[in-house]
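Biologist: I would like to learn how to read aromatic rings and buried helices in a model, so could we go through an example together?

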Amino acid sequence: MSTEALARLAEERVDHRFKGLPPDADGLTVGELAAQRRNLFTDGFATPVLALSAERLEHNLRLMETYAARHGLAFAPHGKTSMAPRLFQRQIEHGAWGITLAVPHQVWVARAFGIRRIFLANELVDPAALRRLAAELDADPAFRFVCYVDSVRGVELMDAALRGAGGRPVDVVVELGAGQGARTGVRTEAECAAVADAVAATDTLRLVGVAGYEGEVPRADAERVRAWLRRLVALAAGLDKAGRFARADEIVVSAGGSAWFDVVADVFAEIPGLSLPVLKLLRSGAYVSHDDGHYRELTPFNRVPAEGALEPAFRLWAQVVSRPSPDQAFVNAGKRDAAYDLHLPFAQVVRRDGVERPATGIEVTRLSDQHAWLSTGPGADVEVGDWIGLGLSHPCTSFDKWPLIPVAEADGTVVDYIRTFF
């Protein structure tokens, strides 16, 4: 990664663009504010404010590094989760092969910060984006880029856009769809062969492997996911036997969201010897922050507890601004601040006069744009002015609401700030 580009993040000035930061920090650089090591609760941070736990973030990074190494997997965590170059850097420091992304804008962000290995888990047929990609590949011989293809028409569009652009061919993998009615991806092996042949007929593309997303398997369970992954591995072996990776240096076999990576690890361990070295590439992304809802329920570590456990690193702090009745209260965080596409936030703790206690009898029942509706039961001790710590579900729709996120230690000391680019 580019240390100069990362250093420039610390030179950015704190101003009105960034929510929740202390008003008297306006005009400081992010680096100057971080050096002050302010306390999240006592040094001027204003609610609502989203914070990441420094300890839990580090735990999650180390756990997935260890898991991938133990299972012989290369790891390209999905960067669309955070779109945070500082976290990309830490993921790479913790052994990541590169970063997975989904759309061209995300690629340009990663390239601006010097990411040299990018796996685009999507089809790419936009001519302007392809021409820029060709220029990036031409300008940097160390830049490795791989993306999906899933149709002959898509291959033709890519070839037309890249023809005459010069430089290296673009590496592609055939995306195997997860089943009828699933998302993108080729549905049959015969169609996969046709797409592979179309790639071979170009000088602008190079077929280097196969990939897909097991999270889209219809009615997914371990048995169905395992069957689809074995189909993916068989596709790689069949294309290899047919000589369709003749121009490749290695064969990429890639899968792995955040719900079934244990099954991916098991099946990828069965990959037979092929004609070239195999890059077994896992792409899970939500692990970096984990969550208190969707991924807490789905994480494979629930099935393999001996491997460890991820820890939810997010907490959204909001303040009680209204207590209109004994069974109701309102805090000043809503849809603009909290993920709500999979679950509503979870009331976890109440903080008053420096004392933190469980949010007993408090439940988030609804979100408005700038308010969370709290149901307060008979045992709920909550007053106007209290801070409520909320757990969140779905990291991908939490990061995108906060352009600058404090990283706080357990005692509230803020030691870093994470800049996001959505």
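**Reading rings and a buried helix**

Modeller: Keep in mind that this is a predicted model. Let us begin with tryptophan 317, which counts as buried because its relative accessibility is 3%, and the cut-off for buried is under 20%.

Biologist: How many aromatic pairs does a search of the whole structure find, and what describes such a pair?

Modeller: A pair of aromatic rings is described by how far apart the centres are and by the angle of the planes. Searching the whole structure gives twelve aromatic pairs. One of them joins phenylalanine 41 to tryptophan 317, with 5.0 Å centre to centre and 85° between the planes, which is edge-to-face. This pair links distant parts of the chain, since phenylalanine 41 lies in the loop between helix H2 (30-36) and strand E1 (49-53), whereas tryptophan 317 belongs to strand E10 (residues 314-325), 276 residues apart. Together with Trp387, Phe41 and Trp317 form one aromatic cluster.

Biologist: Which charged ends sit over the rings of tryptophan 402 and tryptophan 373?

Modeller: Over the ring of tryptophan 402 sits the charged end of lysine 19, 3.9 Å from the ring centre, while the charged end of arginine 366 sits over the ring of tryptophan 373, 4.1 Å from its centre.

Biologist: Why is helix H10 described as largely enclosed?

Modeller: Helix H10 (residues 261-268) has eight residues, and seven of them are buried, so the helix is largely enclosed by the rest of the structure. Among the buried residues of H10 are Phe261, Asp262, Val263 and Phe268. The elements covering them include helix H3 (54-70), helix H9 (222-241), strand E8 (251-255) and strand E9 (278-282).

How values were computed. Residues numbered from 1 in each chain as written. Predicted model: local features only at pLDDT ≥ 70, side-chain atom pairs only at ≥ 80, totals over all residues. Heavy atoms only, no water. Phe/Tyr/Trp six-rings, centres within 6.5 Å; stacked < 30°, edge-to-face > 60°. Helix = DSSP H or I, 4+ residues; strand = E, 2+ residues; numbered from the N terminus. Buried < 20%, exposed > 50% of the residue type's maximum accessible area, 1.4 Å probe, protein only. Lys NZ or Arg CZ within 6 Å of the ring centre and 35° of its normal. Contact = heavy atoms within 4.5 Å.
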